[in-house]
Amino acid sequence: QRVVGTIIHSRGPAAVMAVHSRQFSDKVSLNIHQTIAGRRRFYKHVGVEEVDNTGLYKVTLDGRTLKTPGMNPLHLPSKDLAIGIALEWDAQTNVKSGIVPASMPLMILASTAIDHVLVDPSDARKTCLSFLPTDAALFQTTSGDRILLAKQKEAHEPILEWLHQKFDIRLPTTDAMVFRIQHSDDTVQRVKSVVDNMDHFSLTCLQSACMECKSLVIALALVGRFINFQQAKVASRVEEEFQIDIWGVVEGGHDMDRLNNAVTCSAVDAFMNAFMSTKELEGVLESWQARS
């Protein structure tokens, strides 16, 4: 990418993301103004500016400040995140398809955080916590399926240990034929404290990752940057990829699942990396820690 003054010029990562995410589920596009979907690009220059020396940043289209679908100011906590969103808007160059909201996952996450989660985080918190009893990382096959079991342990055990070391949360796994795991009240409260302590941007990313990975455990590790999106993709698709290795790919099914998973996990990973530095993250993780 190249930044000239406040004008962004790029056909790099954002353009690649746009190509791969145009097939992403249309549901995500509901978070962006549908009046612009398919509309031809109506701006020439995309820029990034600081908001009145506040340490916040905004994206501009031909000098005009970009707003969220809820018409709130799109004020972002880091310049890197603002540049990422600016690149998504700058990548809207296809004359035939016009503007494709679903190809702007960083914009979707930021807008959802500002328009919805900041206003009322209760729904997002409830959604994330609802995955705990059925968390995909906690259900294992029996010892008879030794190859699959080894893959599950390799992908999930380091994450569970990180959760224990970082937040003092020990989650049990099971190979029993049950639909839900009954966690202790203390464990549930500790997990709830972590989720409740999150800022609206992190919570929005957590919710997105939970819904894609079907796992609060994997989502926490991704948002907390213990794992990257490639590792999250592997951890959340152990069983399905094991079956694909045996029976092959069902076109129009498995390939789309892989695409959706990659787009969501990579968007969350990119968002959190642009949101804060590694040093800043350490302090944030401390603030998330469960309180007994």
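The dialogue below turns to helix packing and then to the nonpolar core.

Tutor: Please note that this is a predicted model. As a general idea, two packed helices are described by the angle between their axes and the distance between the axes.

Student: At what angle do helix α2 and helix α3 pack?

Tutor: Helix α2 (residues 79–90) and helix α3 (residues 105–117) pack at about 125°, and their axes are 8 Å apart. That angle makes α2 oblique to α3. The crossing in which α2 passes α3 is left-handed.

Student: Which residues make the contact of α2 and α3?

Tutor: From α2, G84, I85, E88 and W89 take part, and from α3, P105, L106, M107 and A110. By class, this contact has 6 nonpolar, 1 polar and 1 charged residues.

Student: How do the axes of α9 and α11 cross?

Tutor: The axes of helix α9 (residues 229–236) and helix α11 (residues 254–275) cross at roughly 140° and come within 9 Å. These helices are therefore oblique to each other, and α9 passes α11 in a right-handed crossing. F229, A232, K233 and S236 of α9 meet N261, A262, C265, S266 and D269 of α11. The residues of this contact divide into 4 nonpolar, 3 polar and 2 charged.

Student: Which residues have the most contacts inside the largest nonpolar core?

Tutor: They are I85, W89, L206, L216 and F271, in a core of 79 residues. Helix α8 (residues 216–223) gives the most to this core, with 8 residues. Leaving aside neighbours within four places in sequence, F271 is in contact with L81, L106, L109, A110, F201 and C205.

Terms used:
Residues numbered from 1 in each chain as written. Predicted model: local features only at pLDDT ≥ 70, side-chain atom pairs only at ≥ 80, totals over all residues. Heavy atoms only, no water. Axes fitted to C-alpha atoms, helices over the stretch in contact; angles between N-to-C directions. Helix = DSSP H or I, 4+ residues; strand = E, 2+ residues; numbered from the N terminus. Parallel < 35°, antiparallel > 145°, perpendicular 65-115°, else oblique. Left-handed = near helix turned anticlockwise from the far one by under 90°. Contact = heavy atoms within 4.5 Å. Nonpolar A, V, L, I, M, F, W, Y, C, P; charged D, E, K, R; others polar. Core = buried A, V, L, I, M, F, W, Y, C linked by side-chain atoms within 4.5 Å. Buried < 20%, exposed > 50% of the residue type's maximum accessible area, 1.4 Å probe, protein only.
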